[in-house]
Amino acid sequence: MTILVTGGLGYIGSHTVVELLNNDFEVVIVDDLSNSERFILNNIQEITGKKPVFYPFDLRRKELLAQVFDAHQIDGCINFAASKAVGESQLKPVDYYENNLFSLINILQEFKTREISNFIFSSSCTVYGQADVMPIDENAPLKMPESVYGKTKQMGEQILIDFAKAYHRKISVLRYFNPIGAHPSGKLGELPIGVPDNLVPYVMQTAAGIREKLSIWGDNYPTQDGTAVRDYIYVVDLAKAHVAALKKLIEDTSAEAVVDTYNLGTGKGSSVLEVVKAFEKANNVEVPYKICSRREGDITIAYANPEKAERELNWKSETSLEESLRTVWEWQKYLNARNS
Ligand SMILES: NC(=O)c1ccc[n+]([C@@H]2O[C@H](COP(=O)([O-])OP(=O)(O)OC[C@H]3O[C@@H](n4cnc5c(N)ncnc54)[C@H](O)[C@@H]3O)[C@@H](O)[C@H]2O)c1
């Protein structure tokens, strides 16, 4: 079976391509390299011994996308392609709406006319805002996210629900908590393009001396040590969940519309300070930090109830925080060697 992976050279996409190839899927990648680099394709080949087909273009170019569907018998799509920097999305709202929603709609147009099903969408726990109850399950009420980025995810989910209903298609919406870590080979990871928006790349760059100090935004939250709490999920575990979700969609041969929604997390919340300490311990390095005032829009605490994914996908996060953080440091060493 051939799966279109958009954004397949990006952070989560590249790890998922490896898992798909290891599970004998054929993979066609479309990625415009706006937040990734070509060497990732070679590294995927080195890891798997297989080379996916790669098209470097922007999904907003409908005519090029149609040519990909003409050239390959596509059986499903995992749509990672999106702009993802929360802060930037506030400054460039129109660009974020255009990239994240037009890309999605262009793929759905092809799915619609060609009668293809099996679509997986990268959503985010940001759709829950500050949930009232922990851990967060899939029935928790959705709150309109403050960021434009978060809004594109919530709107994307809504578009997909309407699409599935109208055309009787099968969709899986995966709400990631906080993906971290790198491939055990040390050859795939989150690329340090621009100033990192997420905690772990910042920790990594501070430990490597690229940044002077890690800023911790607030130490007076009502949590175990006053810093904000999140659910950090190892990227390879996350990639495996995509394969499990895809297999479930493919095995479902009914003609009914399906919209499966899953929270993908570990079920455990870790504070910012706990992550810093775990990183220092795992890698025997120091991470200098400073406490700053809270950042507007940051939520206090979010961790998943992953039981639905365990039950229905037979999938579970397996990798500890420390182990994940060890892979991050290996990735930094790889990047250092590449740049030297
Ligand atoms: N990383 C996270 O913390 C996180 C959390 C929740 C959800 N997500 C979502 O998961 C998905 C993947 O995230 P990631 O961390 O791997 O991001 P990433 O930026 O590493 O990967 C996205 C890839 O898509 C490509 N891309 C972007 N717009 C494109 C377009 N118009 N046409 C073709 N290619 C395009 C980029 O070049 C990049 O390679 C995104 O949809 C993101 O919003 C990420």
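**Close-up views of a predicted model**

View 1. Ser123 is buried, because its relative accessible area is 2%, and its side chain makes a polar contact of 2.6 Å with the side chain of Glu157. Apart from neighbours within four places in sequence, the residues in contact with Ser123 are Lys153, Glu157, Val173, Leu174, Arg175 and Tyr176.

**View 2. The shell around the ligand.** The ligand is surrounded by 28 residues, of which Asp31, Asn35, Lys84, Asn99 and Tyr149 are the closest. Strand 5 contributes the largest share of this shell, three residues, while helix 1 (11-22), helix 5 (93-114) and helix 6 (148-167) are among the elements that each supply at least two. By residue class, the shell comprises twelve nonpolar, eleven polar and five charged residues.

**View 3. Polar atoms facing the ligand.** A polar backbone atom of Ile12 is 2.8 Å from an oxygen atom of the ligand, and a backbone N or O atom of Ser34 lies 3.1 Å from a ligand oxygen atom. A nitrogen atom of the ligand has a polar side-chain atom of Ser103 at 3.4 Å. Of the 820 Å² of accessible area that the ligand has on its own, the protein covers 96%.

**View 4. The nonpolar cores.** The largest nonpolar core holds 65 residues, and those touching the most other members are Leu20, Ile44, Leu264, Phe279, Trp315, Leu325 and Trp331. Helix 8 (residues 235-251) provides the largest share of this core, nine residues. Another core, of 23 residues, lies apart from it and includes Val30, Leu59, Cys77 and Phe111.

Conventions:
Residues numbered from 1 in each chain as written. Predicted model: local features only at pLDDT ≥ 70, side-chain atom pairs only at ≥ 80, totals over all residues. Heavy atoms only, no water. Buried < 20%, exposed > 50% of the residue type's maximum accessible area, 1.4 Å probe, protein only. Polar contact = N/O pair within 3.5 Å; in protein donor to acceptor, adjacent residues only side chain to side chain. Contact = heavy atoms within 4.5 Å. Core = buried A, V, L, I, M, F, W, Y, C linked by side-chain atoms within 4.5 Å. Helix = DSSP H or I, 4+ residues; strand = E, 2+ residues; numbered from the N terminus. Near = heavy atom within 4 Å. Areas by Shrake-Rupley, 256 points an atom, 1.4 Å probe, with all protein chains shown as cover. Nonpolar A, V, L, I, M, F, W, Y, C, P; charged D, E, K, R; others polar.
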